[in-house]
Amino acid sequence: MSSNKVHWGIAGLGKIAHRFARDLTQHAEKSELYAVAARDQQRADEFAEQYHCQHSYASYQALAEDQIVNVVYIATIHPLHKNMVELFLTHGKHVLVEKPAFTNIEDWDEMSALAKEKGLLLIEGMKSVTFPAYQALRQFIQENNVKIDSVDASFGNWHAFDTNQQIFNPNLCGGATLDVGVYALWLYADLCHLTKTSILKPSVNYHKDNAESEVDENVEFVFDGEIKGKICASITQNLKREAIIKGPELEIIIHDKWWNPKTIDISYLGKKQKIITPTRGGGFEYEIEHVSSLILNSKFQSDIVRHETSRQVISVMETSLMENGFQYLLRSSGKDKFN
């Protein structure tokens, strides 16, 4: 790590890794893409060449052993996260792991304890809460001591049923809850934390559009208590893309693709205001720069992507899937080893 640049590695070079790498190399001033790794050398070489990266490896072990790498972004599928996180933490790397960080509380607690023991960052890749517009909204709520009564947020897109896709594959921890439900649950949990509100166990409704499907295709979480929550997710239906937050004389609308918050309308006590932030990249640059800033300032916890919120959301997802017969989607590949 130079005095003003953090050296990043990327493990797992699928579609999301390409989006991450574009934002890192084009829009993250404090960050440098230094090394990438896949299980195939040609794939790693091609990725590295595309993004002008200095080093490419055909094994995750080799990436872990590169002493120049400061932090690794893990972009593999959910069930591989546990061992990947353990590998990189054990070798002294900070870790940003794509959402959901883990599929169960046991893995989260074990890896959090390891990160603390090693004095390293472990952060879930929840980019939506790092956007400047969302941070401005949080500041508005705090400064005005705003009371929130309800949160209505959905994330859903239609996909043709195909078990070759990870989202429909039960052996790869597919399904709506883990794939996209995590975003809206995170929004609800973060707003509860901001307003010092307890999260009660939700009622949960699952249904399928494809009878032969073995994953949760559609889910609705309904939270009761001080802040009502209607949180929906789907991998087979297009759901509305606005998040609506309400309270006494309050309406907040996070507009299209609320999980990439750029435009937010606030109506409060008869006054209206708009939060607009200009587009830079694809949205990953904000979490990249946040993590790099933490490393450069020798901080080992994020006050934006909080450990406690990640744990709460994982707990809600794990409990709901187990209680509705989807416990087999929560497996992690604890016995896998990486070259």
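What follows is a set of questions about labels, each answered from a value and its cut-off.

Visitor: What should I know about the source of the values?
Guide: This is a predicted model, in which local features need pLDDT of at least 70 and side-chain atom pairs count only at pLDDT 80 or more, while totals for chains, interfaces and linings use all residues. Residues are numbered from 1 along each chain as its sequence is written, and side-chain values use heavy atoms, with hydrogens and water left out.

Visitor: What makes a run of residues a helix or a strand here?
Guide: Both are DSSP runs, numbered from the N terminus: a helix is H or I with at least four residues, and a strand is E with at least two.

Visitor: What flanks H5 at its start, and what follows it?
Guide: At the start, a side-chain oxygen of Asn104 comes to within 3.3 Å of the backbone nitrogen of Glu106. After the helix comes Gly119, with a positive phi near 70°.

Visitor: Why is Leu178 called buried?
Guide: Buried means under 20% relative accessible area, exposed means over 50%, and partly exposed lies in between (1.4 Å probe, protein chains only). Leu178 has 0% relative accessibility, so it counts as buried. This residue belongs to helix H7 (residues 176-194).

Visitor: What does Leu178 touch?
Guide: Contact means heavy atoms within 4.5 Å. Not counting residues up to four places away in sequence, Leu178 touches His78, Lys99, Pro100, Thr103, Cys173, Met317, Leu321 and Leu329.

Visitor: Which residues of H5 are buried, and what covers them?
Guide: The buried ones are Ile105, Asp107, Trp108, Met111, Ser112, Leu114 and Ala115. Their cover includes helix H4 (81-90), strand E6 (122-125) and helix H9 (307-323).

Visitor: What makes H8 mostly covered?
Guide: Of its 13 residues, 12 are buried. Among them are Phe284, Tyr286, His290 and Leu294. H8 is followed by Ser298, whose phi is positive, near 55°.

Visitor: Why is strand E7 described as largely enclosed?
Guide: Five of the seven residues of E7 (residues 150-156) are buried, so the rest of the structure largely encloses this strand.

Visitor: How do you know which strands E7 pairs with?
Guide: Two strands pair if DSSP finds at least two bridges between them. E7 and E10 (residues 228-234) have seven bridges in the parallel sense, and three bridges join E7 to E11 (residues 243-247), in the antiparallel sense. Val151 is bridged to Gly229 in E10 and to Ile245 in E11.

Visitor: Why is the contact between Asp149 and Lys147 called a salt bridge?
Guide: A salt bridge is a side-chain nitrogen of Lys or Arg within 4 Å of a carboxyl oxygen of Asp or Glu. The N to O distance for Asp149 and Lys147 is 3.6 Å, and their side chains do meet in a salt bridge. Asp149 has a relative accessible area of 28%, so it is partly exposed, and Lys147 at 41% is partly exposed too.

Visitor: Which other salt bridges can I look at?
Guide: The structure holds 12 salt bridges. Lys228 and Asp224 meet at 2.3 Å, N to O, and Asp265 and Lys274 have their closest N and O atoms 2.7 Å apart. Lys82, Asp107 and Glu110 are linked in a network of salt bridges.

Visitor: How do you know that Asp66 has no salt bridge?
Guide: For charge, Lys and Arg count as positive and Asp and Glu as negative, with His and the chain ends not counted. The nearest side chain of opposite charge to the buried Asp66 is Lys93, 5.7 Å away, and Asp66 has no salt bridge. Asp66 sits in the loop between helix H3 (60-64) and strand E4 (71-74).

Conventions: Polar contact = N/O pair within 3.5 Å; in protein donor to acceptor, adjacent residues only side chain to side chain.
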